Structures are given as C-alpha cells and as structure tokens.
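Let's take a walk through this structure together, one neighbourhood at a time. Please keep the sequence and the 3D view open beside you as you read.

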Amino acid sequence: AKKLREAAQAGRPLPWTVVLTVGGDTPAEKLVRLLSDCRETGIYLFFLTIKTRDTDAVRALCAQFPDCAFILFAECCADAPALTGVNALTVPPLDDPRFPQTKDALRASGALYGAFVRAGAAPLALPEIVQRAGALDAPILFMSEPMTADTQRALEAFRAAPSAAVFPVALPHDLLQVSRRISERAMYFEVEEDGAAALRTDAGSSPLPNVFDTPFGLVLRKIR
C-alpha cells in the first residue's frame, strides 16, 4: 500500500489489486511475469477465478509469491480442496450442491475459506443469501450485487451486527471502495485468461493493452 500511496501523491495513481481469470490455456510463464510486474509496482493482492482443472499449476503459481495474498474462486467445487496449503483464501461456489462436503474438507485441512455466489445463480434477496451462507458455515461471502442505497444499508447492517456469522463482500463495489482509501482513486485491473485487460472504475471498464503482449510499464502509462 505504501508504494501505491506514494504513486497517488505523485499524481500517478495505480490500481491496488488485480482480478484475473486463469484458464487451462493461460501461459504459466506469462502469469508469473505479470504477477512479478504487479508486485514490483506495489500490488500484493490477487483475485483469481480458476477455470482450469490443473490445480497443481495454480498452487505452484501462488507458491512463487509467498509475500502476496490470493483469493481463489474455484469454479468447480470439487477442485477447491486441492487448492489448499497456499497463501490463499479458497472460495467455492455456494450454490453448488457439493458445497457442504467441500467446506468440510477445507475446514479439516485448516484452510481459510469462504463462498461466492456465481453469476446466473437463482436470484435471492440479500438477507436470504447471507442466511444461506451462515447455515452452511461460510464465514465470508462474495457476491455481485447491484449496489442500490437499500443494498448498501443492508450490507452495513450485516457487517455491524456483533453476532454476525457471515461477512458479505459486494463486488465490484467493495474493491472500488478499498481503492479509494489506498490510492485516492477507485480502480483495479481486470485481466482475462488470454491477457486482455481493462481498468475497472466507478464508470465501468476501460480497455487496456493485452498484458501478456505488452510491457507492463506501457500498460501503466495508459492509466489516466
């Protein structure tokens, strides 16, 4: 955070985190280079959506960056236990019928875990979603929720409750909120499995050069 604050004070605000999709065809060497460049810039937190079944490759990637933190969204619930043992919070889908068994396996291994609501899942009101997560012992719940004033008030009420068993996180709203506190500007990187990149802000997503094909310094210069 120190590097990011210094960059913001110098008039060069930078994203504080990267939301990255890892697929089966994503080149490992390019992922390593991207994460190395991000770390050098001052980015140490990565949200990875795992679309590959090669969990060994994901574990190996995280292990190369022990000073970074990873939040791993396991698209396949059955793969989540294989992602434990790294510097990561493992997050399987709450709506998967295998979630209870997956949660038990994660807990037994001592792993940090949460849950996420997949896009396209049956829509539920915020209290119902949080109640379901609590019933399934998911301490952290990530969800894409339209951030209306009512939703924001509901989120704040859940978080403030002293007996709350679940901490809900709204994406992308909360990532942008954290960014404002770190670098004085709401933004973060989005990277697809082929390296296609965008800068996410309150106004939406703006395309950036492909991060696998373009020197990272040139990508950063495109940020206004």
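A residue is called buried when its relative accessible area is under 20%, exposed when it is over 50%, and partly exposed in between, using a 1.4 Å probe and protein chains only. What you see is a predicted model, in which local features need pLDDT of at least 70 and side-chain atom pairs count only at pLDDT 80 or more, while totals for chains, interfaces and linings use all residues. Residues are numbered from 1 along each chain as its sequence is written, and side-chain values use heavy atoms, with hydrogens and water left out.

Rings of Phe, Tyr and Trp (its six-membered ring) pair if their centres lie within 6.5 Å; planes under 30 degrees apart count as stacked, over 60 as edge-to-face, and the rest as tilted. The whole structure holds 5 aromatic pairs. One of them joins Phe-73 to Phe-142 in an edge-to-face arrangement, with 5.3 Å from centre to centre and 80° between the planes. This pair links distant parts of the chain, since Phe-73 sits in strand β3 (residues 69-74) and Phe-142 in strand β7, 69 residues apart. Together with Phe-47 and Phe-116, these two residues form one aromatic cluster. Strands here are DSSP runs of E with at least two residues, helices are runs of H or I with at least four, and both are numbered from the N terminus.

Now follow β7 into its sheet. Two strands pair if DSSP finds at least two bridges between them. An open sheet of 3 strands has the order β6-β7-β8, with parallel pairing. Its edge strands, each pairing on one side only, are β6 (115-116) and β8 (167-171). Strand β7 (residues 140-144) is joined to β8 by 5 bridges, and β6 is joined to β7 by 2 bridges.

Which side of helix α4 is buried? Start with α4 (residues 99-108), where Phe-99, Thr-102, Lys-103 and Leu-106 are buried. Seen down the axis of α4, the buried residues fall within an arc of 100° (taken from the directions from the helix axis to the C-beta atoms), so they line one face of the helix. An α-helix has 3.6 residues a turn, so residues three or four places apart point the same way. The face of α4 turned away from the buried side carries the exposed residues Gln-101 and Ala-108. Counting a contact as heavy atoms within 4.5 Å, the buried residues of α4 pack against β4 (88-91), β5 (112-113) and β6. Just after α4, Gly-110 takes a positive phi of about 80°.

Further along, Arg-200 lies in strand β10 (residues 197-201) and is partly exposed, with a relative accessible area of 23%. Leaving aside neighbours within four places in sequence, Arg-200 is in contact with several residues, including Pro-172, Tyr-188 and Ser-205. The C-alpha atoms of Arg-200 and Tyr-188 are separated by 5.4 Å, although the two residues are 12 apart along the chain.

Finally, visit Thr-214, in the loop between β11 (204-208) and α8 (216-221). Thr-214 is buried, with a relative accessible area of 19%. Leaving aside neighbours within four places in sequence, Thr-214 is in contact with Pro-209 and Val-219.
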